[in-house]
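Me: Please take a close look at a single residue in this protein and set its surroundings out for me in one connected account.

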Amino acid sequence: QVQLVESGGGLVQAGGSLRLSCAASGRTFSRYTMGWFRQAPGKEREFVAALSWSGGTTYYADSMKGRFTISKDNAKNTVYLQMNSLKPEDTAVYYCAAKLNGALNYDYWGQGTQVTVSS
């Protein structure tokens with residue numbers, strides 16, 4: 001059973017930083033792509049960043065490039081999202097997700113962690 005557990009959300013002032021963590025368990029993720037998504041109130045869920053677990057290739061939404069960094073720790077089976085220069089519009093629930101490399105859709109999702117950026 002795949003489990004993705006996010007942590008690290010919270011309240012931060014504009015311009016501040018947060019690091020989200022996604023602890024993955026239940027299988028070997030070497031053939032998976034790990035992604036971060038977010039959903040703000042009243043808005044659709046949007047892609048933030050993704051990382052190919054084996055090759056380490058990263059992908060970012062254009063609006064996150066330069067501010068957000070996705071990374072992983074193989075020993076801890078954990079994926080991170082470092083978020084810098086946070087803006088009030090970054091306020092959302094952030095979700096970790098996993099899919100097999102090359103798959104269209106993400107099959108596994110975490111429960112989400114709230115990030116609130118105050119102005």
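Me: Where in the fold does K99 sit, is K99 buried or exposed, and which residues does K99 touch beyond its neighbours up to four places away in sequence?

Reply: The model is a predicted one, and every value below is computed from it. K99 is placed in strand β9, which covers residues 92-100, within a protein that has 11 strands and 0 helices. With a relative accessibility of 14%, K99 counts as buried, because the cut-off for that class is under 20%. Leaving aside residues up to four places away in sequence, K99 touches R31, Y32 and T33, and also L104, N105, Y106 and D107. M34 lies 65 residues from K99 in sequence, yet their C-alpha atoms are 6.7 Å apart in space. As for the side chain of K99, one of its polar atoms lies 2.9 Å from the backbone oxygen of A103.

Turning to the whole protein, buried residues make up 42% of its 119 residues, and among contacts with a separation of 6 or more, 54% join residues 24 or more positions apart. The radius of gyration is 13 Å, which agrees with the value near 14 Å that a compact globule of 119 residues would have, while the C-alpha trace spans about 40 × 25 × 25 Å along its principal axes.

How values were computed. Residues numbered from 1 in each chain as written. Predicted model: local features only at pLDDT ≥ 70, side-chain atom pairs only at ≥ 80, totals over all residues. Heavy atoms only, no water. Helix = DSSP H or I, 4+ residues; strand = E, 2+ residues; numbered from the N terminus. Rg over C-alpha atoms; globule rule 2.2 N^0.38 Å. Buried < 20%, exposed > 50% of the residue type's maximum accessible area, 1.4 Å probe, protein only. Contact = heavy atoms within 4.5 Å. Polar contact = N/O pair within 3.5 Å; in protein donor to acceptor, adjacent residues only side chain to side chain.
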